[in-house]
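The exercises below concern salt bridges, pockets and cavities. Work through each task before reading its solution.

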Amino acid sequence: MNDRSLFGNDAGEDESLEVLNSYFIENDEFDDFYDDEHRLCVVNARKGMGKSTLLSKLDYDLAFKKEYNSPIVIRVTGNSLLGLGDFNGKDSAYLENYWKQIICKEINIHIGKTINFALTSDEMSMVEISELEGMKSKNLIGGLISRIKGKIPVLGSETQGFQPEKLENLLNNYLEENSDKKVWLLVDDIDAKYIDSEDFQYRISSFFSAVRGLCFDVKNLNVRATVRSDVWTNLRHVEDLDKWDQYIVNIVWTKKQMREMLAKKILSYVQRKHPLSLEAKYKYDRDYNKLFQLIFISPIKWAGKEAPVFDAINAFSNHRPRSMGQLCRMASIQAHKSRCKVSLNQFNEVLTKYGQNRRDDLIKEHQHQFPELENLIDSFRAGQKEYTFSELEMILDSKFIKGRDASDIPVIDGKPYCELIDLGHFVYKIGLISKLPDSSQKFTYYTDDPDLFYSQQNRNNDLTWTVHPSYRKYLNING
């Protein structure tokens, strides 16, 4: 019960690929993402939904599934790509071409690492625009290696202990072994530290334009990337991205899929630790109740009636796999201390700390967009769980603004603060509040309807907003 590996690693990119593969739940929406014939695909999801995990699963498949034919796989973060150059400026055409140069530079650096020769200098790794034009309709690896070979004379008679002839031989051998292989570029968190300002909009939208151009200009290049839903939503008006819907994969987990994910994590753990046990022969999609009963007491009293324990887990985790794993791990460690299975009591005992962790996640993810985010969240402390628009404005005015002038309030997501509705829109955007479920029993989030908070319907107090259940106990909100 206190083994932290029981519910998997919260960071999918840090999980052992073999373990990740043992509990990964597939989704029909992922078919295009895996398809070798689809050159370009971008995963769009909220934080904690499994974007990086999906990249890791693809990384595993590319390495071990025969149908991919052992491609060249280059996995990078958005920050590492940004660190390879200087992206100042707002000229879209310039930034698009510059991104193409940086991506080719990253591939050149990868080639250098593979042959144990550092191709890191700009002279060797940075591809000129004219050279990019010359590689159109050609094999990417062949074009890049031909270019590097053409630069060998500038190295002088000897560099890094290599004679120029030896380096040329290494490049020829690499080309012979890889000339027909596809390059898969996997880019995680291209929107790291994104602020909704013009500079960032141009910088990130031009990346998408660049990879789209590269994928269809050269041969044997597939690109997969991840982007947060709120960032993609903010870029929805950029003209260059008007044809991008066909390349987007949205991660949305149903309650059934979340239940199967949790059951499969428990089964994977049992099979790793107790492979000869009767429980190791369970099927996650058929025997999920038996698997849950290894850890949890179920059913429980929930919302005034008897319900499966997963109903509570699902409500607190907000359909986010990372949050579900964190909550279950905290509750199981608490149960271990009492030498019992996890009951609703253990969940209640950890909800304050769990809510604090979720609050901390919000701050880490969004404080660069609003420096006073911690105080903004704290303004909901000891308040009510549901609000109309007018009630939200009163709370924000009395507990956060506190008589300050508009000029004293920091910039919100790249835009100057003007009125209280801007603060309400921001807490809706980051997921602290959502529209109360209607008859469909579904919360409405920013990515579902980004303009809802500014709507006349909301200004007329026709909508009800609720603080998400995962934050309530930490913020001392009843209900």
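**Exercise 1.** Which element gives the largest share of the lining of the second largest pocket?

Solution. The model is predicted: local features need pLDDT of at least 70, side-chain atom pairs count only at pLDDT 80 or more, and totals for chains, interfaces and linings use all residues. Residues are numbered from 1 along each chain as its sequence is written, and side-chain values use heavy atoms, with hydrogens and water left out.

Step 1. On a 1 Å grid over the protein atoms alone, a pocket is an open set of points with protein on both sides within 12 Å along at least five of seven lines, whereas a cavity is a set of points where a 1.4 Å probe fits but cannot get out; lining residues have an atom within 4 Å of a point. Points are joined across faces, edges and corners, and a volume is the space filled by probe spheres set on them. Helices (H or I, at least four residues) and strands (E, at least two) are DSSP runs, numbered from the N terminus.

Step 2. Take the space and its lining. The second largest pocket holds about 470 Å³. It is lined by 20 residues, of which Lys-47, Asp-189, Ala-192, Arg-228 and Glu-365 are the closest to its centre.

Step 3. Assign the elements. H3 and helix H16 (344-366) are the elements that give two or more residues to this lining. H16 supplies the largest share, 3 residues.

Step 4. Sort by class. Ala, Val, Leu, Ile, Met, Phe, Trp, Tyr, Cys and Pro count as nonpolar, Asp, Glu, Lys and Arg as charged, and the others, Gly among them, as polar. The lining of the second largest pocket then has 11 charged, 6 polar and 3 nonpolar residues.

**Exercise 2.** Where does Arg-228 lie, and which side chain makes a polar contact with its side chain?

Solution. Step 1. Arg-228 belongs to strand S4 (residues 221-228). Its relative accessibility is 8%, so Arg-228 counts as buried (buried is under 20% relative accessible area, exposed over 50%, partly exposed in between, with a 1.4 Å probe and protein chains only).

Step 1. A polar contact is a pair of N or O atoms within 3.5 Å; within protein, one must be able to donate a hydrogen and the other to accept it, and residues adjacent in sequence count only if both atoms are side-chain atoms. The partner of the Arg-228 side chain is the side chain of Glu-365, at 3.2 Å.

Step 2. Contact means heavy atoms within 4.5 Å. Leaving aside neighbours within four places in sequence, Arg-228 is in contact with Asn-44, Ala-45, Lys-51, Asp-191, Tyr-194, Glu-365 and Gln-369.

**Exercise 3.** How many salt bridges does a search of the whole structure find, and which parts of the chain does the pair Lys-415 and Asp-196 link?

Solution. Step 1. Count the bridges. A salt bridge is a side-chain nitrogen of Lys or Arg within 4 Å of a carboxyl oxygen of Asp or Glu. The search finds 24 of them.

Step 1. Look within helices. Lys-57 and Asp-61 form a salt bridge with an N to O distance of 2.9 Å. Both lie in helix H3 (residues 51-64), 4 residues apart, about one turn of the helix, and both are buried. In helix H5 (residues 92-114), Lys-100 and Glu-96 are also 4 residues apart; the closest N and O atoms of their salt bridge are 3.7 Å apart. Lys-100 is buried because its relative accessibility is 11%, while Glu-96, at 22%, is partly exposed.

Step 2. Look across the chain. Lys-415 and Asp-196 meet in a salt bridge of 2.9 Å, N to O. This pair links distant parts of the chain, 219 residues apart: Lys-415 is in the loop between helix H18 (389-401) and helix H19 (420-429), and Asp-196 is in the loop between strand S3 (183-188) and helix H10 (198-217). Lys-415 is partly exposed at 42% relative accessible area, whereas Asp-196 is buried at 8%.

**Exercise 4.** Which element gives the largest share of the lining of the largest cavity?

Solution. Step 1. The structure holds 5 cavities of 30 Å³ or more, and the largest cavity has about 240 Å³ of space.

Step 1. Its lining has 19 residues, with Gly-50, Thr-53, Met-261, Lys-265 and Pro-321 the closest to the centre. The largest share, 4 residues, comes from H3.
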